Amino acid sequence: MPRNMTRAAIADFFQRLSVHMPAPKTELDYTSPYTLLVAVTLSAQATDVGVNKATRRLFPVADTPEKMVRLGEKRLGEYIRTIGLWRNKAKNVIALSQILLDVHDGEVPGTRDELEKLPGVGRKTANVVCNVAFGQPTIAVDTHIFRVSNRTGLARGKDVVKVEERLEKVTPAEYLQHAHHWLILHGRYVCKARTPECWRCEVADLCLFTPKTPEGGFPKKKNPVRKSKRTLRSKPPLKSARK
Ligand code: SF4
């Protein structure tokens, strides 16, 4: 049975990440809860850079539910066709915009339950919107957070909901608001999937993953991370990875 990090180590872990990144932010461009909701919906299985490239042209034309519905699915598709699954995403964005107009007076609701009722909005998207737009201490577990949590022993779990519940339980209250961004950025830039950069990691002595990657990396054929099980470097199970 793999060990879990102690509460004291977890507090230290977040304290160090908070010093390193005092004001972490989403890397998606947005100007309002609505544009954030659209950007996060578009970002499923796509990069933030790719989404920003598309929304840089889209949002000046359609940054409210009214304007988006007026734009229509076909023309929206022309702005986002560089993003994976764009046809489905265009359909969902138009449908959710219409529901915002019909049910929520054109506003984005501020609860996870209401957000999850919108087309194309899963638990993760709802958690991101609650956290970033409404300042709620939610943790949206994406592929990076899932990997970092399991790999380090911070919060192990076989699916994203288990990891999310455990993270909410073990993360000290003062770090809950930004935990989501710290873990994403740590996973994206340091604790990378194929080769975690342990030699320059500020939490290496707290992390339970072994063996740690030395500076310069392991010899290719002997890379233990590449050979390791899926929880060490893989994506969360598909059924619960929906944004
Ligand atoms: S020591 Fe390595 S495995 Fe552990 S958190 Fe840092 S980069 Fe990730």
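This is a predicted model: local features need pLDDT of at least 70, side-chain atom pairs count only at pLDDT 80 or more; totals for chains, interfaces and linings use all residues.
Taken along the principal axes, the C-alpha atoms fill a box of roughly 55 × 40 × 30 Å. The radius of gyration is 19 Å, which agrees with the value near 18 Å that a compact globule of 243 residues would have. Of these 243 residues, 38% count as buried, and among the contacts with a separation of 6 or more, 62% are accounted for by residues 24 or more positions apart.

The domain assignment divides the protein into domain 1, which is made up of residues 7-22 + 140-240, and domain 2, which covers residues 33-134. Four residues of domain 1 are in contact with four residues of domain 2, and on the side of domain 1 that touches domain 2 the residues divide into two nonpolar, one polar and one charged. The C-alpha centres of the two domains lie 28 Å apart. In the UniProt record, an unreviewed entry, the feature "domain: HhH-GPD" is placed at residues 42-189; this span is 68% helix and 0% strand, and its end C-alpha atoms are separated by 22 Å.

Within helix H5 (residues 86-103), the position of Ala90 was examined. Ala90 counts as buried because 24 C-beta neighbours lie inside 10 Å, against a threshold of 20 or more. When residues up to four places away in sequence are not counted, Ala90 touches Glu73, Leu76, Gly77 and Ile80. The C-alpha atoms of Ala90 and Ala8, by contrast, are separated by 46 Å, the two residues being 82 residues apart along the chain.

Helix H8 (residues 143-152) is largely enclosed by the rest of the structure, because eight of its ten residues are buried. The buried residues of H8 are Ile145, Phe146, Arg147, Val148, Ser149, Asn150, Arg151 and Thr152. The helix is followed by Gly153, which has a positive phi, near 90 degrees.

The ligand is surrounded by 13 residues, of which the closest are Cys191, Pro196, Cys198, Cys201 and Cys207. The residues of this shell divide into nine nonpolar, one polar and three charged. For "binding site", UniProt (unreviewed entry) lists Cys191, Cys198, Cys201 and Cys207; although these are spread over 17 residues of sequence, they cluster in space, with a largest C-alpha distance of 10.6 Å.

Two of the listed cysteines were considered individually. Cys191 is placed in the loop between helix H10 (173-189) and helix H11 (224-227), and Cys198 likewise lies in the loop between H10 and H11. Cys191 is buried, with 25 other C-beta atoms within 10 Å, while Cys198 counts as buried with 20 C-beta neighbours inside 10 Å, a count that meets the cut-off of 20 or more.

Conventions
Residues are numbered from 1 along each chain as its sequence is written. UniProt positions are given in the numbering used here, feature names are shortened, and annotations may be inferred rather than shown by experiment. Helices (H or I, at least four residues) and strands (E, at least two) are DSSP runs, numbered from the N terminus. Domain bounds come from an automatic or database domain assignment. Two residues are in contact if their C-beta atoms, placed from the backbone, lie within 7 Å. Ala, Val, Leu, Ile, Met, Phe, Trp, Tyr, Cys and Pro count as nonpolar, Asp, Glu, Lys and Arg as charged, and the others, Gly among them, as polar. A residue is buried if 20 or more other C-beta atoms lie within 10 Å of its own, exposed if 12 or fewer, and partly exposed in between; C-beta atoms are placed from the backbone. A residue is near a molecule or strand if its C-beta atom, placed from the backbone, lies within 6 Å of it. The radius of gyration is taken over C-alpha atoms; the globule rule is 2.2 Å times the number of residues to the power 0.38.
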